[in-house]
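Visitor: I would like to learn how to read a few features of a protein model. Can we take them one by one?

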Amino acid sequence: IMIPHIGPATGKPLPIYNVDIDAPLRDQWAPILKDFKAPFAKFIHDFRAILPLPDSFYSFVGKYAKHGFKFQRYVEEIEIFSELLEADFNILFTLNLLYEIQSGKACTSIVFRDENGRIIHGRNWDFEFWSELAHISFQINYHKNGQLFYQAQAIAGAVFFFTAQKPGKFAVSINARHTKTFLTNIYELLFTNNVPALYLVREFMETVDTYDEVVLKFKTTPTVDPVYYIVSGPGLYDGTIIEKDRDFVKQSFILTDETWFLVQTNYDRDIPDPKHDERRTPAEQRMTQYGQSLTEQGLLDDVLSIFPNFNIATISSTLMSTQTGYFNNTVWY
Ligand SMILES: CCCCCCCCCCCCCCCC(=O)NCCO
């Protein structure tokens, strides 16, 4: 059952950090992470109080990080985070796989074509530990050779992104998909070459240059976890929802002449949302009501900040438009 946001919903912009993507990693992160040391320590404290896992669990995961995890690039980066945030490496590494192991349900992503043919992409990020995560979130603008390369919403201490845009090229948001069990996720992580679903966003922001290519790559790259990738681009029909299983696409949906918007929450679209968590239908009704004259601000005010899509677990809202490069983050705690 969704609980509404408690108290006045006064959003503020996320802090923005500019980074040269070719600078050494420690130089990229040090000026950012120094601002998040105290709220990060509070997040770890609250996380451990609510989920009291034994130290032996974390040290097992830490050993796996150093000796079994296939993506050592990220292990090295998490070691730098651990040093800069003065946080335990084993816990940090475990948190970087939290989505792949388990997560709740409550996110909304919407992509639509406005009356001028421009694609607008919005998302609410909902997650457990909403207040703590809000205080360690920020926007990162990566620059390459002096030019804006891509932008993402980021969490201090996390190597992954789940909302990002490469201006003029494509944008993506991730919603959690729950056709998984704890044990199969662990199996996939340990014994396959599948990539953590969240890590692909960063990889493709860095290496892919077109909407069509990134849609194909999201569809065909095996992931540890099932996931919804919501992708938008600069062209008239550039909006796709990918309902992805680990090794194949269950279904995908695209913008067409008739379909001017797509809404994704945390359920597959061929079955109605469960009665206790109907979030897609109210958002679809509001999209139909407001129509293609909606702007980014209208999407935020009239759809994304209305219950149940806006709820107690909504940490932030992001609005993006690849064609114009619009990228705006509002944090709610
Ligand atoms: C070192 C800090 C790591 C913090 C871990 C926090 C994990 C955040 C994972 C983001 C998940 C991606 C978006 C999914 C949104 C969604 O569908 N939410 C439903 C889950 O409540």
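Visitor: Which side chain meets Glu77 in a salt bridge?

Guide: First, the general idea. Side chains of opposite charge can pair when their charged atoms come close. Bear in mind that this is a predicted model. Here the side chain of Glu77 meets that of Arg202, at 3.0 Å from N to O. The two lie in distant parts of the chain: Glu77 is in helix H4 and Arg202 in helix H9, 125 residues apart.

Visitor: Is Glu77 buried or exposed? And what of Arg202, buried or exposed?

Guide: Under 20% relative accessible area counts as buried. Glu77 has 1%, so it is buried. Arg202 has 3%, so it is buried too.

Visitor: How do I read the packing of the helices that carry this pair?

Guide: Two packed helices are described by the angle between their axes and the distance between the axes. For H4 and H9 (residues 199-207), the angle is about 100 degrees and the axes are 12 Å apart. Angles from 65 to 115 degrees count as roughly perpendicular, so H4 and H9 are roughly perpendicular to each other. On the H4 side, Arg73, Tyr74 and Glu77 make the contact; on the H9 side, Tyr199, Arg202 and Glu206 do. By class, that gives two nonpolar, no polar and four charged residues.

Visitor: At what angle do H1 and H4 pack?

Guide: About 35 degrees, with the axes of H1 (residues 25-33) and H4 (residues 72-85) 10 Å apart. The crossing of H1 past H4 is right-handed. H1 contributes Leu25, Arg26, Trp29, Ala30 and Leu33, while H4 contributes Glu77, Ile80, Phe81, Glu83, Leu84 and Leu85. This contact of H1 with H4 has eight nonpolar, no polar and three charged residues.

Visitor: What about Lys275 and Glu278: how far apart are the closest N and O atoms?

Guide: They are 3.3 Å apart, in a salt bridge. Lys275 has 72% relative accessibility, so it counts as exposed. Glu278, at 34%, is partly exposed. Salt bridges can also share partners: Arg177, Asp245, Lys250, Asp268 and Asp270 are joined into one network in this way.

Visitor: Which residues of H11 are buried?

Guide: Arg280, Pro282, Ala283, Glu284, Arg286 and Met287 are. Their cover includes E3, E12 and helix H12 (296-304).

Visitor: Last topic: the backbone. What should I look for?

Guide: Most residues other than glycine have a negative phi, and most peptide bonds are trans. Look for the exceptions. Glu86 is not a glycine, yet has a positive phi of about 50 degrees. Glu86 lies in the loop between H4 and helix H5 (89-95) and is exposed, at 62%. Asn145 also has a positive phi, near 50 degrees. Asn145 is in the loop between strand E5 (137-144) and strand E6 (147-155), and counts as exposed at 69%.

Visitor: Which residues does a cis peptide bond join?

Guide: Phe307 and Pro308, with omega about 5 degrees. Pro308 is in the loop between H12 and strand E13 (314-321).

Definitions and conventions
Residues are numbered from 1 along each chain as its sequence is written. This is a predicted model: local features need pLDDT of at least 70, side-chain atom pairs count only at pLDDT 80 or more; totals for chains, interfaces and linings use all residues. Side-chain values use heavy atoms; hydrogens and water are left out. Axes are lines fitted to C-alpha atoms, for helices over the stretch in contact, and angles run from 0 to 180 degrees between N-to-C directions. Helices (H or I, at least four residues) and strands (E, at least two) are DSSP runs, numbered from the N terminus. A crossing is left-handed if the near helix is turned anticlockwise from the far one by less than a right angle, and right-handed if clockwise. Contact means heavy atoms within 4.5 Å. Ala, Val, Leu, Ile, Met, Phe, Trp, Tyr, Cys and Pro count as nonpolar, Asp, Glu, Lys and Arg as charged, and the others, Gly among them, as polar. Angles under 35 degrees count as roughly parallel, over 145 as roughly antiparallel, 65 to 115 as roughly perpendicular and the rest as oblique. A salt bridge is a side-chain nitrogen of Lys or Arg within 4 Å of a carboxyl oxygen of Asp or Glu. Buried means under 20% relative accessible area, exposed over 50%, partly exposed in between (1.4 Å probe, protein chains only).
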